[in-house]
Amino acid sequence: MMHPGGAIKSAYSGWSWTCFFFGCFPPLFRGDLKYFILFLIGHMGLALFTLGIGNFILGLVIAAKYNGWHQNSLVEKGYSA
């Protein structure tokens with residue numbers, strides 16, 4: 001995706017294999033601090049209350065949805081395809 005200022009960022013669609021394997025860290029590597037903090041708090045909260053089962057379910061949801069959320073956040077920042 002391109003920003004009018006000339007910056008270019010990659011934005012993928014569909015299943016996020018990086019989120020599936022590395023959890024909440026891909027948003028941090030992509031500079032998406034809002035989602036990193038949200039996912040980290042979600043994982044820590046679920047780990048406390050569900051003994052890890054909730055983390056597995058949250059991980060599947062994040063892997064299925066994160067690429068779309070990342071694309072939308074780039075569009076909100078002014079990027080276009």
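Modeller: Histidine 70 is found in helix α4; helices are DSSP runs of H or I with at least four residues, numbered from the N terminus. This is a predicted model, in which local features need pLDDT of at least 70, side-chain atom pairs count only at pLDDT 80 or more, and totals for chains, interfaces and linings use all residues. Residues are numbered from 1 along each chain as its sequence is written, and side-chain values use heavy atoms, with hydrogens and water left out.

Biologist: Is histidine 70 buried or exposed?

Modeller: Buried means under 20% relative accessible area, exposed over 50%, and partly exposed in between (1.4 Å probe, protein chains only). Histidine 70 has a relative accessible area of 4%, so the residue is buried. Leaving aside residues up to four places away in sequence, histidine 70 touches Ser10, Ala11, Arg30 and Asp32, where contact means heavy atoms within 4.5 Å.

Biologist: Which elements cover the buried residues of α4?

Modeller: An α-helix has 3.6 residues a turn, so residues three or four places apart point the same way. Among the buried residues of α4 are Leu58, Ile62, Tyr66 and His70. The cover includes α1 (17-22), α2 (25-29) and α3 (33-50).

Biologist: How many disulfides are there?

Modeller: A disulfide is a covalent bond between the sulfur atoms of two cysteines. With a cut-off of sulfur atoms within 2.5 Å, the count is zero. Cysteine 19 is in no disulfide. The sulfur of cysteine 24 lies 8.9 Å from the closest cysteine sulfur, in cysteine 19, and is therefore too far for a bond. Cysteine 19 is buried at 3% relative accessibility, and cysteine 24 is buried at 7%.

How values were computed: Helices (H or I, at least four residues) and strands (E, at least two) are DSSP runs, numbered from the N terminus.
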